[in-house]
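Student: I've got a model open and want to learn how to read its helices and sheet. Can you walk me through it?

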Amino acid sequence: MTGTTPKVIVIPPKPELTRSKAVKRQLRVAAYCRVSTDDEEQLTSYEAQQTYYTDKIMTNPQWTMAGIFADEGILGTSASKRPAFLRMIRQCRQGKIDLVLVKSISRFARNTVDCLNYIRALRAMRIAVIFEKENINTLESDSEILITMMGAFAQAESESMSGNIIWGKRQAMKEGKVIIQYKHFYGYEKGEDGKPRIIPEQAEVVRQIYKSFLAGRSVRMIKHELEAQGVPATQGGKTWSESVIRSILKNEKYCGDALMQKTFTQDCITKKQIRNVGQLPMYLKQNNHEGIVSRDTFYAVKAEFARRNAGRAPSQKLAPTGRSCYSAKYALTERLVCGECGTLYRRCVWTKRGEKFAVWRCASRVDYGAKYCHSSPTLREDSLQAAILAAVNDAMSQREVLVERIAGAMRAELVSLPGECLRLTDIERRLDGLNQEFQVLFKQTSGVDYMSRAKDFKRISDEMSALKEKRALLLERQNSDSAVNRRIQDAVDILNSGSPEITEWDESMIRQLVDTVTVLSANKIRVYFRGGMESEQVLKDIR
């Protein structure tokens with residue numbers, strides 16, 4: 001049987017399928033806008049940029065909107081501080097953007113390094129950035145040279161503007177114009193006259209902090225004290241920060257003064273704040289506003305900080321006095337001295353037959369055994385405190401003599417340095433005279449050889465330098481005298497107001513009255529009071 005070939009029917013394709021249409025995908029276009037300040041004029045420009053780019057993208061049939069990314073009131077010197085810019089870069093890396101429109105290179109970045117790094121990263125992803133003002137497309141081969149030049153100009157412009165602003169601020173400081181940030185300024189608010197105005201409730205807390213610190217309490221103890229009293233913190237919370245308390249104690253504004261340029265900006269790109277430790281001059285304006293504490297109190301706290309930091313070491317073994325830092329918990333920590341080696345005693349807690357009790361031991365014996373200190377005794381705390389209280393009561397019985405000696409110590413502290421006859425006003429008057437002499441000499445020398453008058457210039461300069469050094473020493477001594485005067489006066493007040501006999505141990509009172517306690521033997525100590533009085537006491541076993 002002969003096979004028959006089946007008839008194949010060819011179905012012609014539909015006409016619309018044979019048509020070749022080049023369907024081109026729309027570009028996903030984003031725009032970046034930025035203004036550097038919150039000024040009304042710049043905010044108008046900011047809104048105009050957004051409106052312009054929205055219309056430009058939406059009216060182009062070949063484009064589709066990928067977003068308007070805008071940073072308001074932010075400088076362009078650092079990309080890390082521009083959230084909208086970083087969000088745009090992140091979406092570029094996610095493949096959601098094909099083209100970025102920017103008004104100019106300075107709007108994109110004022111940091112040449114940032115500008116080039118981000119443009120290179122986007123170009124590697126085949127994403128173009130078009131700068132309209134400069135008419136640059138970053139995918140073109142010659143764009144990088146132009147961008148480098150324009151970016152450098154933008155950075156230089158930013159640096160110039162920053163330099164002008166800094167110069168203006170420093171000129172204002174020289175003229176005594178004080179700018180205060182009130183957001184974190186505890187105890188004050190901005191008054192109607194633009195100057196700091198005291199907040200009474202917070203001012204009482206500030207005075208309490210100063211008083212507690214001068215009474216011998218540590219910053220940590222003051223923190224716990226404020227929290228236990230339920231005093232609201234600086235931002236209204238319940239927890240106080242030690243750094244905040246320390247800044248209150250060290251801030252001269254609380255005594256009514258204002259010290260300017262304590263920090264400065266290293267450069268306009270990183271905007272890193274550097275502590276001024278002599279790189280630039282500082283400007284002090286005294287009596288700028290009403291102080292919460294007196295200037296004497298402020299300088300007394302400053303002197304107390306210096307005293308507590310004296311002898312500070314990384315560890316107790318490296319400390320020359322046997323302590324690595326100030327201890328506010330026990331007054332004897334910095335007053336009880338070994339009579340054999342001169343090292344401070346250290347408090348220890350012993351347990352004997354189930355009973356815990358405190359003893360004081362020479363720090364050298366604790367750390368090194370009998371290597372340096374051979375026979376210093378260990379003293380029980382209760383016996384030691386009883387002997388010191390007996391010495392204090394002896395002093396209280398001779399109250400008039402003790403007060404007189406303290407007053408004598410005060411006068412001795414305030415005696416002028418030998419050979420020093422110039423007062424602060426004399427120095428200021430002489431400096432003004434030398435400055436006028438310098439100006440006259442400068443005008444006379446104008447247009448002639450300066451070298452012919454070099455000796456005169458050097459003489460004036462040397463004398464001014466010497467006078468400025470004397471002025472600094474006098475100011476430092478004045479501040480120190482105020483602090484010493486305050487501490488001695490506190491001791492006098494305690495003596496005058498105290499009861500005839502003290503029966504309970506008071507850490508604060510011991511700090512104010514007792515200067516040093518020397519351990520002479522296992523049963524004898526010598527107590528030295530502020531003002532020079534001393535008393536030997538026998539230790540008795542009071543168990």
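Tutor: Helices here are DSSP runs of H or I, at least four residues, and strands are E runs of at least two, numbered from the N terminus. This is a predicted model, where local features need pLDDT of at least 70, side-chain atom pairs count only at pLDDT 80 or more, and totals for chains, interfaces and linings use all residues. Residues are numbered from 1 along each chain as its sequence is written, and side-chain values use heavy atoms, leaving out hydrogens and water.

Student: Which residues of α8 and α9 make the contact?

Tutor: Contact means heavy atoms within 4.5 Å. From α8 you get V219, R220, I222, K223 and L226, and from α9 E242, I245, R246 and L249.

Student: How many residues of α12 are buried?

Tutor: Buried means under 20% relative accessible area (1.4 Å probe, protein chains only). Twelve of the 17 residues of α12 are buried, so this helix is largely enclosed by the rest of the structure. Among them are L384, I388 and V392.

Student: And the sheet: in what order do the strands run?

Tutor: Strands of a sheet pair through backbone hydrogen bonds, either parallel or antiparallel. Two strands count as paired if DSSP finds at least two bridges between them. Here five strands form an open, mixed sheet in the order β2-β1-β3-β4-β5. Strand β4 (residues 128-131) pairs with β5 in the antiparallel sense over two bridges.

Methods. Buried < 20%, exposed > 50% of the residue type's maximum accessible area, 1.4 Å probe, protein only.
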